[in-house]
Amino acid sequence: MSSVLDAISSYMFSGVPSNAVYDLIKTAWRKTQQQSWEEIYLGAFKAAIGDLRPHLASYTKDGEVSLNTEQLHKVLYHELDISIQDLTYSQLTDDMFAQKLAKAMSQSSVLEIGGHTLSSEDYEQLVGNLIRHAYTQFRIGVLADELAFRRTILDEAQLNQGLIRETQIFLQEHFSLMLGRLDQMERRLDTQTNLIQQMVAILERPAIAPQAKQSVSTERKLLRLFIATPSDVMEERDQLHEVIAEFNEPGALADQNGCVLQILDWRDVVPGMGRPEDVILEQLPLELWDIFIGILWTRFGTPSGARDPITNRFYNSGTEEEFWRAYQAWKQTERPYLLLYRRIDAPPLLNAISPDQLARVQTFWQEFDIAGQHPGLYQTYEGLSAFEHRFRRDLIKLLPRLR
């Protein structure tokens, strides 16, 4: 007999070239996430229930839907009257798999809301959401500790380059994860050695036994900084990398505030087809952004090809789209924290300034006024050294608030 967990796991990771690759991925997940494999699906199931809560509430008299962890465990560990071998996953589409698993769940009555058994259509919708959230949770979990995840794969596989390559290809093809060139990772991490050592030490450090009336935690919070800039402020982008690397050194600012800082930069994104901004946001999803850093000078960028879902107007650039996504998320959850910087000194070549681009930049900053579309405070600076000084000072003040 197989459980719901078994069925979903087998479908999510169908196509794994070998059991060794599957075991390697599970080991890397467990060590970097400090979370069991099954908790991926428990979290995904909670999210799926949340998506359907308004619909499920219609089955109850008072509109309330409440489920506890014990009930969720029973649901996911419930034995199905089907065998994993009966499901030929390589031949099933997402919809077909959802239908097949939903039917088995419905027959077993593994979920009841307000005393009512869900219909097969409701189960199918629930399973579809569950699969989607499981994919998303796995990707976000890996990206949140990407350096540690890479290092664990290398350490576990040791000198087996074939296994590393198989794992790399599978994760890229099935989850679009940025784990390319794992066998050459050490070369790319020369400037990040201290960060890796901190993360590995944290993850592998034995737990400290709690003392009376207090508990001691050795965990450090990972804070991710997403950078949004047009092409004329790339030097500032590079400078951010240098400052963050310095702040991550032992005993430096991040260490003092019990955190590790990680930059999310579109230049690290694996190339892909489709709208460029979609490729970027697929690999660096908004859910990962703890801090948004936006920098503008004389350029605003080129249209991203997407519309603002609220105003229905086209975004004037990828930078603008990234800002609006971050701003709308902040309005709802107060996350990510937005840091905006405006460079005001004249560029070396004045004839290189595009009047249209500069006008869009000026319009954007005008909307920070109290009556604007996105009222707020930004900081101005002149030159790279002034930007570095400004950013260092802001981050020193901000990190204690985000711990």
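Biologist: What makes Arg343 count as buried?

Modeller: Its relative accessibility is 11%. Buried means under 20% relative accessible area, with exposed over 50% and partly exposed in between (1.4 Å probe, protein chains only). Therefore Arg343 counts as buried. This is a predicted model: local features need pLDDT of at least 70, side-chain atom pairs count only at pLDDT 80 or more, and totals for chains, interfaces and linings use all residues. Residues are numbered from 1 along each chain as its sequence is written, and side-chain values use heavy atoms, leaving out hydrogens and water.

Biologist: Where is Arg343, and what is it in contact with?

Modeller: Arg343 sits in strand β8 (residues 337–343). Strands are DSSP runs of E, at least two residues; helices are runs of H or I, at least four; both are numbered from the N terminus. Leaving aside neighbours within four places in sequence, Arg343 contacts Glu236, Leu296, Trp297, Tyr381, Gly383 and Leu384. Contact means heavy atoms within 4.5 Å.

Biologist: Why is α2 called oblique to α8?

Modeller: The axes of α2 (residues 19–33) and α8 (residues 146–157) come within 9 Å and cross at roughly 130 degrees. Under 35 degrees is roughly parallel, over 145 roughly antiparallel, 65 to 115 roughly perpendicular, the rest oblique. So α2 is oblique to α8. Axes are lines fitted to C-alpha atoms, for helices over the stretch in contact, with angles from 0 to 180 degrees between N-to-C directions.

Biologist: Which residues of α2 make that contact?

Modeller: Leu24, Ile25, Thr27, Ala28, Trp29, Lys31 and Thr32 of α2 do. They meet residues of α8 including Phe149 and Ile153.
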